[in-house]
Amino acid sequence: MADATKNKRTVLMVGNPNVGKSALFNRMTGSNAVVSNYPGTTVDFTRGTLIEGRQEYEIIDVPGTYSLEPRDAAEEVAVRMLRDYPDAIVMIVFDATKIDRGLYIALEVMERGMPCIVAVNMMDAAHDKKITVDTAGLQRVLGVPVVSTTAISGEGVRELAEQMRKAQTADLDSVVKRLKGEEPAKKSVGGCGGCGGCGGC
């Protein structure tokens with residue numbers, strides 16, 4: 001019997017430490033995760049598999065990093081992974097209570113021209129702190145899919161998996177202009193939630 005899935009895609013989960021990346025990874029991959037050292041280092045990373053529709057994804061939980069200018073071994077591995085998997089989708093995971101920190105790493109990743117999707121995680125913590133996150137507005141500004149999630153409860157995880165096929169390469173110059181208010185945010189198209197006007201819905 002022919003394999004029902006298309007070619008496997010790699011997804012790199014990137015984000016600051018303590019944004020709930022590992023919990024989100026576990027929700028998406030279940031119990032089939034494999035932990036190993038990155039070649040030539042003592043830094044652990046985890047990989048697992050997700051099948052969504054007819055597409056198989058290899059999900060890699062990249063070591064947490066605050067910047068792509070590494071200051072320790074774990075951050076160096078994060079940068080190496082982005083370099084070693086140039087065709088990967090990058091899932092950038094935000095802490096919903098610290099959006100500014102997420103934006104910093106997101107812009108660095110987008111600068112590399114890789115297709116991206118954003119998961120605004122820990123929405124439960126944001127609600128507890130009475131922080132409102134405009135994920136639709138964030139999506140219009142960044143021009144890539146943005147999904148709100150709470151990994152602990154599983155809220156939003158299914159939508160995140162479904163949206164991975166819509167990962168987009170951001171126009172960084174336009175993103176920076178929109179962040180500065182110099183260019184109108186893109187409107188959603190075709191009844192989509194606003195993935196940056198890709199037209200692929």
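Which two side chains meet in a salt bridge at 3.5 Å, N to O? They are the side chains of Arg 71 and Glu 75, where a salt bridge means a side-chain nitrogen of Lys or Arg within 4 Å of a carboxyl oxygen of Asp or Glu. Before going further, note that this is a predicted model, in which local features need pLDDT of at least 70 and side-chain atom pairs count only at pLDDT 80 or more, while totals for chains, interfaces and linings use all residues. Residues are numbered from 1 along each chain as its sequence is written, and side-chain values use heavy atoms, with hydrogens and water left out.

Arg 71 is exposed, with a relative accessible area of 62%, whereas Glu 75 is buried, at 3%.

By the rule given above, the count comes to 6 salt bridges. One of them joins Glu 52 to Arg 158, with the closest N and O atoms 2.4 Å apart. Glu 52 lies in strand β3 (residues 44-52) and Arg 158 in helix α6 (residues 157-163), so this pair ties together parts that are 106 residues apart in sequence; here helices (H or I, at least four residues) and strands (E, at least two) are DSSP runs, numbered from the N terminus. Glu 52 itself counts as buried, with 17% relative accessibility. A further salt bridge brings together the side chains of Arg 83 and Asp 84 at 3.6 Å, N to O, and Asp 84 is partly exposed, at 37% relative accessibility.

We turn now to the strands. Strand β1 (residues 9-15) has 6 of its 7 residues buried, and it is therefore largely enclosed by the rest of the structure. Strands pair if DSSP finds at least two bridges between them, and β1 runs parallel to strand β4 (residues 55-61), joined to it by 5 bridges. With strand β5 (residues 89-95), β1 also pairs in the parallel sense, over 5 bridges. Leu 12 has Ile 60 as its bridge partner in β4, and Val 90 as its bridge partner in β5.

Finally, consider Lys 21, which has its place in helix α1 (residues 21-29) and is buried, with a relative accessible area of 7%. If its neighbours within four places in sequence are left aside, Lys 21 is in contact (heavy atoms within 4.5 Å) with residues including Met 13, Val 14, Asp 61, Val 62 and Val 93.

Note on methods:
Buried < 20%, exposed > 50% of the residue type's maximum accessible area, 1.4 Å probe, protein only.
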